[in-house]
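Reader: I have a fold on my screen and want to learn how to read it. Where do I begin?

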Amino acid sequence: MNRFPADEQGPPVRPSVLIVEDDSSLRAMLATALPDLDVRTAGSLAEARAALEPIPDAVLTDVHLGSENGITLARELRESHPRLPVLVMTAFGDLSLAVEALRAGAYDFLTKPLDLDVLRTALIRASETHRLRREVRDLRRQVRMSRGMGDLVGESAPMQRLFTMLERIAQAPSSVLIRGESGTGKELVARALHDRSARRDKPFVAVNMAALPENLLESELFGHVKGAFTDAHSQRTGLFVQAQGGTLFLDEIGDMPKGVQAKLLRVLQDRRVRPVGSDTDVGIDVRVVAATHKDIDALVESGDFRDDLRYRLDVIPLVLPPLRERGRDVLLLAQRFVQHFAERFGSPARGIATDAARRLIDYSWPGNVRELQNCMERAVVLCTESDIQLSDLPPKVAEARPNSTVLAVADHPSVMLPLEEIERRYILQVLEAVGGKRSEAARVLDVDRKTLYRKLERWKAESIP
């Protein structure tokens with residue numbers, strides 16, 4: 001199965017393979033028998049050398065090419081293109097030929113008659129290895145040149161859209177609500193907004209709503225006067241006043257107690273705070289950026305979050321993509337973490353081995369960027385070579401296998417599914433993947449929540465006898 005990602009502007013790019021075989025009939029048969037590969041052919045060493053531009057993802061060559069030898073080609077390619085995988089085939093299951101081919105730098109050795117399924121798998125695996133090698137080689141350059149904002153980096157389309165949005169809203173004084181799974185970097189986004197705003201020279205103050213009990217949260221946010229409550233032995237300046245002129249980041253706003261929500265709403269409306277125990281208001285000029293990993297719309301529907309406060313906070317919504325939706329950003333971030341931790345710990349690690357890179361891509365990263373960072377810190381600590389090896393990764397990452405496609409539709413027309421049934425199954429799978437959160441499912445599917453609700457209600461009604 002071809003696991004190469006789709007080009008964001010078009011269909012998946014097929015692996016390109018050069019087949020070198022002097023038997024013209026076999027050459028033609030292989031070219032037509034591998035429709036999922038971009039095959040070009042050559043009948044001699046001279047034709048093979050001429051066909052190497054552009055460089056393919058893999059080369060398959062027969063050992064016996066008339067009076068010439070395919071092992072010669074393997075040796076030449078090892079010198080000129082050391083990362084290009086060369087597979088050697090022969091009609092003779094001769095162990096000495098296999099050893100000679102491998103010593104010449106061959107990636108794999110196949111015997112005739114060829115099993116087309118085995119051949120296809122070998123060529124796709126070799127092509128993937130070549131692309132990963134090239135990608136790993138380019139990672140350091142990409143880390144230096146990648147577009148980003150501070151500690152936020154990414155080349156994927158979702159991140160590029162996010163960067164564009166951040167540039168557009170950075171100067172605005174409006175409140176921002178950042179939604180995204182845990183570990184996606186919501187505080188980094190808040191800091192990026194602050195650093196690109198006119199408030200950059202003023203304080204950036206962050207507080208986690210889930211980390212403080214209700215009886216302390218009000219005092220933390222708004223401050224208190226001496227004697228306002230037991231143990232209030234001195235006056236305390238609240239975070240709103242501490243952030244005066246700057247940005248206040250309210251993380252995990254979905255965990256804010258209902259009692260504090262009403263007081264926060266009043267502050268956002270009046271732009272004034274009253275410390276606990278005081279009868280005097282203090283004017284504030286603060287941009288509020290809030291964040292949550294919870295489904296804030298569902299919290300409003302259940303009555304656990306004030307609707308009017310949601311609208312006050314959600315003036316400009318931002319949604320952070322999970323790492324599993326960011327494609328090859330996984331390797332870009334992994335290389336960045338390798339460089340950071342290697343410098344910090346004095347490790348010899350400088351890059352990532354190909355098989356380790358493949359597992360990083362295959363793993364689904366439920367903990368997102370935070371989990372990837374912890375994984376690479378461990379890998380750098382354990383690494384004794386110049387590249388992170390598969391054995392340096394945590395077992396659950398090292399043993400990862402590629403995610404299966406969301407929908408499997410049979411090739412035979414008689415068992416193909418109607419489009420509406422495919423849509424129904426896909427939506428239900430997405431809903432299951434996000435834990436039944438309809439608003440989150442609507443975001444992933446990029447459809448209006450009301451549209452999703454109507455479909456779900458209709459399917460529910462249709463299932464009732």
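Author: Begin with burial. Buried means under 20% relative accessible area, exposed means over 50%, and partly exposed lies in between (1.4 Å probe, protein chains only). Arg306, with a relative accessible area of 28%, is partly exposed. A word on the source: this is a predicted model, where local features need pLDDT of at least 70 and side-chain atom pairs count only at pLDDT 80 or more, while totals for chains, interfaces and linings use all residues. Residues are numbered from 1 along each chain as its sequence is written, and side-chain values use heavy atoms, with hydrogens and water left out.

Reader: What percentage of the chain's 465 residues counts as buried?

Author: The buried share is 46% of the 465 residues. The chain exposes about 23500 Å², of which carbon and sulfur atoms supply 50%. Those areas come from the Shrake-Rupley method with a 1.4 Å probe; for residues, only the protein chains shown count as cover.

Reader: How many helices and strands does the chain have?

Author: There are 19 helices and 20 strands. Both are DSSP runs numbered from the N terminus: helices are H or I with at least four residues, strands are E with at least two.

Reader: How do I read a sheet?

Author: Strands of a sheet pair through backbone hydrogen bonds, either parallel or antiparallel. Here, two strands pair if DSSP finds at least two bridges between them. Now the case. Five strands form an open sheet in the order β2-β1-β3-β6-β7, with parallel pairing. β2 (38–42) and β7 are the edge strands, each pairing on one side only. From one strand to the next, the twist averages 20°.

Reader: Which residues are bridge partners of Val59?

Author: Leu18 pairs with Val59 of β3. In β6, the partner of Val59 is Val86. Now the strands. Four bridges join β1 (residues 16–20) to β3 in parallel. β3 and β6 (residues 86–90) also pair in the parallel sense over four bridges.

Reader: Is β3 covered or open to solvent, and where do its side chains point?

Author: β3 (residues 58–62) is mostly covered, with five of its five residues buried. Ala58, Leu60 and Asp62 point one way, and Val59 and Thr61 point the other way.

Reader: How do I read a helix face?

Author: An α-helix has 3.6 residues a turn, so residues three or four places apart point the same way. Take α1 (residues 24–33). Its buried residues are Leu26, Arg27, Leu30 and Ala33. Seen down the axis of α1, these buried residues fall within an arc of 140°, so they line one face of the helix. The arc is that of the directions from the helix axis to the C-beta atoms. On the other side of α1, Ser25 and Thr32 are exposed.

Reader: Which strands does α1 touch?

Author: α1 packs on the sheet and touches β1, β2 and β6. Its direction makes about 170° with that of β2. Contact means heavy atoms within 4.5 Å. Axes are lines fitted to C-alpha atoms, for helices over the stretch in contact, and angles run from 0 to 180 degrees between N-to-C directions. Helix α3 (residues 70–80) also packs on the sheet, touching β1, β3 and β6. The direction of α3 makes about 155° with that of β3.

Reader: What about charged side chains?

Author: Side chains of opposite charge can pair when their charged atoms come close. A salt bridge is a side-chain nitrogen of Lys or Arg within 4 Å of a carboxyl oxygen of Asp or Glu. The structure holds 26 salt bridges. In one of them, Lys112 and Asp62 meet at 2.8 Å, N to O. This pair links distant parts of the chain: Lys112 sits in the loop between β7 (108–111) and α5 (116–145), Asp62 in strand β3, 50 residues apart.

Reader: Are Lys112 and Asp62 buried or partly exposed?

Author: Lys112 is partly exposed, with a relative accessible area of 21%. Asp62 counts as buried, at 4% relative accessibility.

Reader: Which residue forms a salt bridge with Arg306?

Author: Asp308 does, with the closest N and O atoms 2.8 Å apart. Asp308 is partly exposed, at 33% relative accessible area.

Reader: Which residues are linked in a network of salt bridges?

Author: Arg179, Asp297, Glu301, Asp307, Arg310, Asp314 and Arg449 are linked in such a network.
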